[in-house]
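The following note sets out some points on the structure shown below. Each may be checked against the coordinates.

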Amino acid sequence: MPLFSIAKTTLQAVPQRPFTSEKVLQRLIESNLDAVFKCRLVATEFSTGSQHAGRIDTLALSEDDNPVIIEYKVTEASDLVNQSLFYLAWIHDHRGDFQVAAQKALGDKIKVDWSTVRVICIAPNFRKYDLHAVRMMGAGLELWTYRAFANDVVYLEEVFRKSDAGIGAPLAGKNPVMVEAGRKSAAARAIGVYTFDEHLEGKPEAIRELALAVNEFTTGLDSSIDVAPKKLYVSYKTSQNILCMEVKHKKLLLYLKLDPKKFPGPKGISRDVSSIGHFGTGDLEITVSDSAEVELAKPLIRKAYEEVGG
């Protein structure tokens, strides 16, 4: 899709301006890791040692404390996928090396969550054979394309993410309407060793229905939104978290990636937690206890999606 600038009532096509080298693209992304992928830089051009004889373009740590590998190409090239898979295997076999690098870059208190390793491949295009190959693999690769334009605009688009459905068989006693909602939301594809269903197990039916309602609304905002269940919460993300949800026995706690000063949320059920410790990410907390409060939260969930660049 071409990019146009608006001059009164006339659309003028903006020409593309390719990056001159992979290093230019790499430096741009690394300088803006927080804005683009909500990650912290661990290392650039990280050596995998004499035996593996490779250099990982970018090592980072996600906002959920997961390791992140980023590889770049400024031309269409199939070796990007194979190279990224090689580094994925390497990092699983060298967790200690990554831990040391992360602590050196970000401080001794950093703890790494190995439940998920993100591997991000960035290139102008991917061949159909690459797309088919990653669909057949069990490894979690994210394929991102980019376009750079003469007006200093860069457009990034995720074209593939491999993950597994985390909402499986219905829980006993669930009503048919909510079973169907759960099956639809399975298309949202959870990532990691935890599942959405595990967060619903043992919870009252009313709370499970509220969680499924939030899940269905959030994943319905954009097909690229992933459900990423963690041990203590469920996150919803594109390039970064939009919403983190804790499922309690009597309520849901929703943590939205919004500035509470600009978007204070519904009165009586919202608070600013920017300086209060909590699981997940997000500075605006909304407590949901019934379906009416879910409806009050929905506009804020949509706003969070828009604010992170959805």
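This is a predicted model: local features need pLDDT of at least 70, side-chain atom pairs count only at pLDDT 80 or more; totals for chains, interfaces and linings use all residues.

Which residues are exposed on the other side of H1?

1. Helix H1 comprises residues 22-31, and its buried members are Leu25, Gln26, Ile29 and Glu30. Viewed along the axis of H1, the buried residues fall within an arc of 125°, so they line one face of the helix. On the other side of H1, Arg27 and Ser31 are exposed. An α-helix has 3.6 residues a turn, so residues three or four places apart point the same way.

2. Lys73 pairs with Glu22, with 3.9 Å between the closest N and O atoms. Because Lys73 is in the loop between strand S5 (67-72) and helix H4 (79-93) while Glu22 is in helix H1, the pair ties together parts that are 51 residues apart in sequence. Lys73 is buried, at a relative accessible area of 13%, whereas Glu22 is partly exposed at 30%. Glu22, Lys73 and Asp79 are linked in a salt-bridge network.

3. A further salt bridge joins Lys23 to Glu45, with the closest N and O atoms 2.9 Å apart. Lys23 belongs to helix H1 and Glu45 to strand S3 (residues 39-47), so this pair connects parts that are 22 residues apart in sequence. Both partners are partly exposed: Lys23 has a relative accessible area of 30%, and Glu45 one of 25%. The structure holds 15 salt bridges.

4. The largest nonpolar core has 33 residues, of which Met245, Leu252, Leu254, Leu256 and Ile286 touch the most other members. Among the elements giving two or more residues to this core are helix H9 (205-219), strand S12 (252-256) and helix H10 (291-307). Beyond its neighbours within four places in sequence, Leu254 has contacts that include Val214, Met245, Ile286 and Ile301. Another core, of 29 residues, lies apart from this one, and includes Phe98, Ala102, Ile110 and Trp114.

5. Ser270 is located in strand S13 (residues 270-272) and is partly exposed, at 21% relative accessibility. Pro264, Gly265, Leu284, Glu285 and Ile286 are touched by Ser270, residues up to four places away in sequence not being counted. The C-alpha atoms of Ser270 and Thr287 are 6.5 Å apart, with a separation of 17 residues in sequence.

6. A nonpolar patch on the surface is formed by Phe4, Ile6 and Leu11, with about 340 Å² of accessible area together. Ile6 lies in strand S1 (residues 3-7) and is exposed, with a relative accessible area of 68%.

How values were computed. Residues are numbered from 1 along each chain as its sequence is written. Side-chain values use heavy atoms; hydrogens and water are left out. Patches are made of residues with over 30% relative accessible area and no salt bridge: like charges are joined within 9 Å, nonpolar side chains (Val, Leu, Ile, Met, Phe, Trp, Tyr) within 5 Å. Accessible areas come from the Shrake-Rupley method with a 1.4 Å probe; for residues, only the protein chains shown count as cover. A salt bridge is a side-chain nitrogen of Lys or Arg within 4 Å of a carboxyl oxygen of Asp or Glu. Helices (H or I, at least four residues) and strands (E, at least two) are DSSP runs, numbered from the N terminus. Buried means under 20% relative accessible area, exposed over 50%, partly exposed in between (1.4 Å probe, protein chains only). A nonpolar core is a set of buried Ala, Val, Leu, Ile, Met, Phe, Trp, Tyr and Cys residues joined through side-chain atoms within 4.5 Å. Contact means heavy atoms within 4.5 Å. The arc is that of the directions from the helix axis to the C-beta atoms.
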